[in-house]
Amino acid sequence: SSAGSREYKVVMLGAGGVGKSAMTMMHKFQQAEFKTIKQRVHPIPQAEFTAMRDQYMRGGEDFIISSEFKELIYRVRHTYDIPLVLVGNKIDLEEFRQVSTEEGMSLAREYSCSFFETSAALRFYIDDVFHGLVREIRRKESSL
Ligand code: GDP
């Protein structure tokens, strides 16, 4: 990256349709200075996605998926010490809520990360997610 700019590579993990693309796009529209943030497709074998999707269909709970993602990250990075934020998207669809705020906060405590509830559709709290991530990345870097 050129002087004065810094590129952050962000991996968005989540089941299909949860709003990963929408969040990334809304963020880009709003924040020109963060336009270099990229959505990266992660190196997780297709078979594992299929297995997770099957589990998702059976369990019907985002939460199970979230826990499994942490394990997948560990397998790829060999550490749990990675900058991480937890996001519950689509808060505008409150009547279809599947994971409570308390469950989200509890998982975030377990992971020692921040938790955000967002709506990419209404552009609520999207920037907080990315700012939270950048803060987290800098914190981890400065503690090296
Ligand atoms: P991805 O598969 O995780 O990348 O999910 P997408 O970003 O493609 O979103 C899947 C669908 O959910 C699309 O139809 C989006 O318009 C919709 N969507 C994404 N975020 C929100 C949100 O915050 N609220 C609502 N109501 N719909 C959303």
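Predicted model: local features only at pLDDT ≥ 70, side-chain atom pairs only at ≥ 80, totals over all residues.

Around the ligand there are 15 residues, of which Gly19, Lys20, Ser21, Ala22 and Ala121 come nearest; a residue counts as near if its C-beta atom, placed from the backbone, lies within 6 Å of the molecule. By class, this shell holds 7 polar, 5 nonpolar and 3 charged residues. Here Ala, Val, Leu, Ile, Met, Phe, Trp, Tyr, Cys and Pro are nonpolar, Asp, Glu, Lys and Arg are charged, and the others, including Gly, are polar.

Numbering starts from 1 along each chain as its sequence is written.

Turning to the fold, the protein has 5 helices and 4 strands, in the order β-α-β-α-α-β-α-β-α along the sequence. These are DSSP runs, numbered from the N terminus: H or I of at least four residues for helices, E of at least two for strands.

How much of the protein is buried? Of its 144 residues, 13% are buried, that is, with 20 or more other C-beta atoms within 10 Å of their own, again placed from the backbone.

The largest nonpolar core has 10 residues, among them Met23, Phe116 and Leu133. Such a core is a set of buried Ala, Val, Leu, Ile, Met, Phe, Trp, Tyr and Cys residues joined through C-beta atoms within 7 Å. Helix 5 gives the largest share of this core, 4 residues.

How values were computed:
Buried ≥ 20, exposed ≤ 12 C-beta atoms within 10 Å, placed from the backbone.
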